[in-house]
Amino acid sequence: SLDNAWLVVAERAREAGQCLAHILADKHAVGQRPVTLIGHSMGARVIFYCLLELYRMQEFHVIDDVVLLGTPVTSRQNKWIKARSVVSGRLINCY
């Protein structure tokens, strides 16, 4: 059913975000330069969970700017505060 497919995709986006965070935190793989992330729909969800994982890892100043377009995530303020805290520049959420 459609609901089950949506839940599978949403969970995979969360997992992909966590993987992306670990890659971006690896200074040997990415280097020291700031990163700008832009995502739409599920790509924006990947980025959102990447930011939360970077917060959990206490990896600040890795991400410079973020643009999220049509992000299918929760609107809980505490999660957005965590996501914002790892972005050095601007975090733009377009919905």
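Predicted model: local features only at pLDDT ≥ 70, side-chain atom pairs only at ≥ 80, totals over all residues.
Residues are numbered from 1 along each chain as its sequence is written, and side-chain values use heavy atoms, leaving out hydrogens and water.

Searching the whole structure turns up 3 aromatic pairs (rings of Phe, Tyr and Trp, the last by its six-membered ring, with centres within 6.5 Å; planes under 30 degrees apart are stacked, over 60 edge-to-face, the rest tilted). Phe48 and Trp80 make one that is tilted, because the planes sit at 55 degrees, with the centres 4.7 Å apart. That pair ties together distant parts of the chain, 32 residues apart: Phe48 belongs to helix H3 (residues 42–56) and Trp80 to helix H4 (residues 77–85). Helices here are DSSP runs of H or I, at least four residues, numbered from the N terminus.

## Tyr55 and Phe60

Tyr55 pairs with Phe60 edge-to-face, at 6.2 Å centre to centre and 90 degrees between the planes. Tyr55 is partly exposed at 29% relative accessibility, and Phe60 is partly exposed too, at 30%.

## Around Arg14

Over in helix H1 (residues 2–25) sits Arg14, partly exposed with a relative accessible area of 25%. Its C-alpha lies 7.0 Å from that of Arg45, 31 residues away in sequence.

How values were computed. Helix = DSSP H or I, 4+ residues; strand = E, 2+ residues; numbered from the N terminus. Buried < 20%, exposed > 50% of the residue type's maximum accessible area, 1.4 Å probe, protein only.
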